[in-house]
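Let's take a walk through this structure together, starting with single residues and moving on to the open spaces. Keep the sequence and the 3D view at hand as you read.

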2 protein chains.
Amino acid sequence: MAEEKANTVSASEIILAADTTVVIENEILGKPLDETDAKRMLATLSGNRHEVLTGICIMWDGKTLALEAASTAVWFDPMTPQEIADYVSTGEPMDKAGAYAIQGIASRWISRIDGSYTNVVGLPVALVHRLISAL
Amino acid sequence: MAEEKANTVSASEIILAADTTVVIENEILGKPLDETDAKRMLATLSGNRHEVLTGICIMWDGKTLALEAASTAVWFDPMTPQEIADYVSTGEPMDKAGAYAIQGIASRWISRIDGSYTNVVGLPVALVHRLISAL
């Protein structure tokens with residue numbers, strides 16, 4: 001997906017593309033379709049561990065220079081149905097994979113992660129820094 | 001320390017005090033004394049794992065209602081002496097325990113954490129949310 005994104009751009013500049021998905025029990029959670037879908041996703045995440053995967057693709061002049069992925073485990077505290085409804089009504093979940101933003105209001109339910117934090121936000125900064133330093 | 005901080009305030013309001021320290025190989029790293037001290041701390045953290053501990057104290061009307069601590073493991077990628085010097089010259093490390101801000105420029109060297117991210121920033125938000133919800 002990150003490589004496809006990078007390929008849609010035609011330029012002699014360096015291109016960095018990233019695509020983040022949320023995976024729980026073999027289901028991939030993308031961006032929610034509507035508020036009902038967002039509530040369903042959050043109910044699935046509530047009280048459970050899930051994985052956040054980001055694919056990174058760096059291209060230059062049509063050539064793929066680096067293609068890597070970062071994975072982070074995220075633990076959600078249990079959310080009540082009222083908390084889920086209130087959170088969805090803020091609008092924050094609607095354009096986010098998995099229907100939450102760790103850097104936003106959802107931080108109050110995330111007691112632990114194992115892996116890169118910036119990966120969960122959407123771009124694994126340390127991985128990108130390492131890849132670019134190596135090029 | 002968090003309880004001492006809370007005790008310095010005299011009020012009938014609810015008081016939340018937090019104190020964050022960085023621990024590596026049984027050494028506690030507070031805020032750096034000067035740029036030389038900041039460079040020494042970063043050289044110690046470079047390429048190694050350390051722990052960030054935050055003590056939380058919630059008081060009301062002189063009574064301690066909650067006293068807890070959060071712990072997060074943090075892995076620093078190796079930093080070159082030039083990267084350390086450049087980072088210290090930005091000024092970011094000077095008022096931070098352990099001489100770095102995970103939410104700032106230092107994010108590029110932090111490839112992994114295990115625990116609460118907001119604890120490393122300085123206030124473990126999910127823990128505070130849980131304590132306040134329980135009160």
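Start at Ala126(B), which sits in helix α5 of chain B, residues 125–134 (helices are DSSP runs of H or I with at least four residues, strands are runs of E with at least two, and both are numbered from the N terminus). With a relative accessibility of 2%, Ala126(B) counts as buried; that word means under 20% relative accessible area, while exposed means over 50% and partly exposed is what falls in between, with a 1.4 Å probe and protein chains only. Ser116(B) is ten residues away along the chain, and its C-alpha atom is 7.9 Å from that of Ala126(B).

A quick word on the ground rules. This is a predicted model, in which local features need pLDDT of at least 70 and side-chain atom pairs count only at pLDDT 80 or more, while totals for chains, interfaces and linings use all residues. Residues are numbered from 1 along each chain as its sequence is written, chains are lettered from A and ligands numbered from 1 in the order in which they are written, and side-chain values use heavy atoms, with hydrogens and water left out.

Now for two residues with a positive phi. Asn26(A) is not a glycine, yet its phi is about 65°. You'll find Asn26(A) in the loop between β1 and β2 (27–29) of chain A, and at 79% relative accessibility it is exposed. Ala99(B), also a residue other than glycine, has a positive phi near 65°. Its place is the loop between α3 (81–89) and β5 (110–115) of chain B, and Ala99(B) is buried, at 0% relative accessibility.

Leu65(B) belongs to strand β4 of chain B, residues 63–76, and is partly exposed at 37%.

The largest pocket has a volume of about 390 Å³. Of its 20 lining residues, Thr20(A), Thr21(A), Lys31(A), Lys96(A) and Ala97(A) are the closest to the centre. The largest share of that lining, five residues, comes from β1(A).

The second largest pocket holds about 320 Å³ of space. It has 19 lining residues, and Thr20(B), Lys31(B), Asp95(B), Lys96(B) and Ala97(B) lie nearest its centre. Here β1(B) gives the largest share of the lining, five residues.

Finally, there is one cavity of 30 Å³ or more. The largest cavity has about 40 Å³ of space, and its lining is made up of Ser116(A), Tyr117(A), Thr118(A), Ile102(B), Ser107(B), Ile110(B) and Tyr117(B).

Definitions and conventions
On a 1 Å grid over the protein atoms alone, a cavity is a set of points where a 1.4 Å probe fits but cannot get out, and a pocket is an open set with protein on both sides within 12 Å along at least five of seven lines; lining residues have an atom within 4 Å of a point. Grid points are joined across faces, edges and corners, and a volume is the space filled by probe spheres set on the points.
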